[in-house]
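Please read the report below with the model open beside it.

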Amino acid sequence: MQQTQELELIDSRLEDIFLIQKQQAIKLRNSTASQRIALLKRLLEWINKNQEDIRKAVHADYQKPYPEIDVTEIFPVLIEINHAIKHLEHWMKPKKVGTPLIFLGTKAYVQYEPKGVSLIIAPWNYAFNLAVGPLVSAVAAGCPVIIKPSEMTPHTSALLRRMMAEIFDTHTVEVIEGGVEISQMLLSKPFDHIFFTGSPAVGKIVMKAAAEHLTSVTLELGGKSPVLILDDADLKDTADKITATKFLNCGQTCIAPDYILIPERLKDAFVEEMKKSIEKMYGSNKNGIEGSKDYSRIVNESHFKRIQHILSDANLKGAKIEFGGNSNGQENYIEPTILSHVTWEMKVLQEEIFGPILPVVTYDNLDGAIMIVNQQPKPLAFYVFSKNYKKINAIFNETSSGAALANDCAVHFLHRELPFGGVNNSGLGKSHGHFGFLAFSNEKAVLKQRVGSAAVNPLFPPFTLVKKKL
Ligand code: NAD
């Protein structure tokens with residue numbers, strides 16, 4: 001009973017915030033580029049001044065190494081802000097369109113108006129970056145925002161709350177902390193846009209809730225991003241790039257390489273190169289990988305157990321551990337682990353791994369490997385390693401994915417001229433730079449007719465005019 005009353009109280013508080021933001025949205029609708037740039041500069045200044053606090057908060061959640069926080073949490077947000085500041089005036093300018101014959105004498109253009117009150121629901125794995133990154137786009141577009149960070153990263157959530165209170169007035173940006181219940185309460189409100197980053201399963205819940213109000217959504221989801229290695233690939237270069245991006249954040253990255261497809265005859269050589277890369281990047285101190293200052297931990301016990309379960313399922317069904325396999329439950333530490341002899345009956349190939357386990361699948365012919373990729377849900381990213389760019393082009397044309405990279409993994413996240421996002425199961429809509437600005441903007445069609453032009457209006461009967469023009 002008491003809990004119900006508490007929830008009702010929270011809901012009515014959320015309703016109040018929502019209604020105030022509705023008013024704020026009307027005020028912001030006419031905001032100029034320089035007013036929005038001023039807000040972005042305040043955001044930039046706050047981050048630059050409080051870098052140490054950001055590092056401390058993110059690290060406190062699950063021991064993400066400081067240098068990794070700099071590169072994957074702070075740096076991408078800084079480039080997002082700087083890019084928006086540089087281009088916002090141009091993005092906001094109405095875009096002229098051509099004039100078809102029957103519209104001679106009219107003026108027509110696309111105007112970018114802010115969608116309005118927006119909800120950003122963030123995940124835990126890049127808890128700072130994936131809350132503030134979309135916020136930059138929302139502020140650039142002129143929208144008030146409610147941010148709902150993940151309940152799994154309480155230190156970062158508290159920092160975000162303090163950060164937003166210090167930068168924005170409460171009507172413009174609010175941080176609402178809480179778990180599933182709070183998230184669902186928020187989702188019941190008629191937002192003008194919802195930007196969700198998280199799992200495909202929760203993405204479906206978000207989309208259903210949004211459908212109630214016909215709210216537009218951007219869904220940045222996850223899934224299994226494959227790596228296809230061709231027979232001419234440079235195995236050392238390939239292994240270095242896969243190691244760096246697979247074990248970053250302990251494998252808890254949406255665009256991490258999820259599984260490898262490699263010609264059978266190259267498997268052993270590839271595994272050897274992977275071992276060397278892992279040792280080189282994480283194993284050079286006296287306490288081994290567990291003592292590496294550059295290696296993160298699993299976010300919590302429940303995810304630790306989930307990944308252990310994936311590993312024991314693979315073991316039971318006959319997978320071979322080529323490297324790693326060790327863990328320390330006290331610390332939620334799981335060693336970088338490479339598996340071979342894996343089959344599609346194993347969880348490791350059925351579920352998004354989201355941990356430091358890398359299954360290696362072998363293939364006999366390239367067509368069969370491409371068929372495997374096409375039989376799976378469309379991935380967030382697809383990585384191909386080869387020196388033959390003609391073949392790479394053909395493979396990109398035969399497959400569908402949110403992003404396609406040749407001879408690298410995950411770096412497209414930092415490229416602000418490229419859209420970031422998935423397709424179907426891996427997402428809907430795009431983020432970053434101009435694409436993020438568009439996600440929070442309504443592209444309004446504006447047409448200005450001449451006064452007294454009724455005589456040439458094609459919609460006036462009798463329809464002789466249109467007939468003549470056809
Ligand atoms: P999640 O879907 O469990 O949670 C994301 C957010 O949704 C959290 O804020 C959580 O509180 C909320 N939530 C959870 N269950 C909910 C429910 N039933 N109703 C309403 N809200 C709910 O995801 P996660 O575990 O935080 O993050 C991991 C997933 O996110 C992985 O699938 C990963 O691939 C994906 N991801 C995608 C991107 C991307 O940019 N595409 C980036 C990071 C993570």
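What follows describes selected parts of this structure, section by section.

## Basis of the description

The model is a predicted one, in which local features need pLDDT of at least 70 and side-chain atom pairs count only at pLDDT 80 or more, while totals for chains, interfaces and linings use all residues. Residues are numbered from 1 along each chain as its sequence is written.

## Surroundings of the ligand

The shell around the ligand holds 27 residues, of which Pro123, Ser183, Gly198, Gly222 and Cys254 come nearest; a residue is near a molecule if its C-beta atom, placed from the backbone, lies within 6 Å of it. Two or more residues of this shell are given by each of helix 7 (180–187) and helix 8 (200–213), and helix 7 supplies the largest share, 3 residues. Helices here are DSSP runs of H or I with at least four residues and strands are runs of E with at least two, numbered from the N terminus.

Sorted by class, the shell has 12 nonpolar, 11 polar and 4 charged residues. In this scheme Ala, Val, Leu, Ile, Met, Phe, Trp, Tyr, Cys and Pro count as nonpolar, Asp, Glu, Lys and Arg as charged, and the others, Gly among them, as polar.

## Annotated positions

In the UniProt record, an unreviewed entry, the annotation "active site" covers Glu220 and Cys254; such positions are given in the numbering used here, feature names are shortened, and annotations may be inferred rather than shown by experiment. Although these residues are spread over 35 residues of sequence, they cluster in space, with a largest C-alpha distance of 9.2 Å.

Glutamate 220 belongs to strand 7 (residues 216–220) and counts as buried because it has 28 C-beta neighbours inside 10 Å. The cut-offs are 20 or more other C-beta atoms within 10 Å for buried, 12 or fewer for exposed, and partly exposed in between, with C-beta atoms placed from the backbone. Leaving aside residues up to four places away in sequence, glutamate 220 touches Phe196, Thr197, Gly421, Gly422, Gly427 and Ser431, where contact requires C-beta atoms, placed from the backbone, within 7 Å. Cysteine 254, by contrast, lies in the loop between helix 9 (235–246) and strand 9 (257–263). Cysteine 254 is buried, with 28 other C-beta atoms within 10 Å, and, residues up to four places away in sequence again not being counted, it touches Gly222 and Leu380.

Strand 3 (residues 118–121) pairs in the parallel sense with strand 6 (residues 193–197) over 4 bridges, and the bridge partners include leucine 119 with isoleucine 194 and serine 118 with histidine 193. Strand 3 is also joined by 4 bridges to strand 4 (residues 145–148), again running parallel, with isoleucine 120 bridged to isoleucine 147. From strand 3, Ser118 and Ile120 point one way and Leu119 and Ile121 the other, and all are buried. Together with helix 5 (residues 129–141), strand 3 and strand 4 make a right-handed β-α-β unit, meaning that, with the strands pointing away from the viewer, the path from the first strand over the helix to the second runs clockwise.

## Further strand pairs

Strand 15 (residues 381–385) and strand 16 pair in the parallel sense over 4 bridges, and the chain passes from strand 15 through helix 14 (residues 389–398) to strand 16 in a right-handed β-α-β crossover. Phenylalanine 382 has alanine 404 of strand 16 as its bridge partner. Strand 16 (residues 403–406) has a covered face with Ala403 and Leu405, and an uncovered one with Ala404 and Ala406.

An open sheet of 3 strands has the order 1-2-18 and antiparallel pairing, and its edge strands, strand 1 (95–96) and strand 18 (441–448), each pair on one side only. Strand 1 and strand 2 (residues 107–114) pair over 2 bridges, and lysine 95 stands opposite valine 110 in strand 2.

Methods: Pairing = 2+ DSSP bridges. Contact = placed C-beta atoms within 7 Å.
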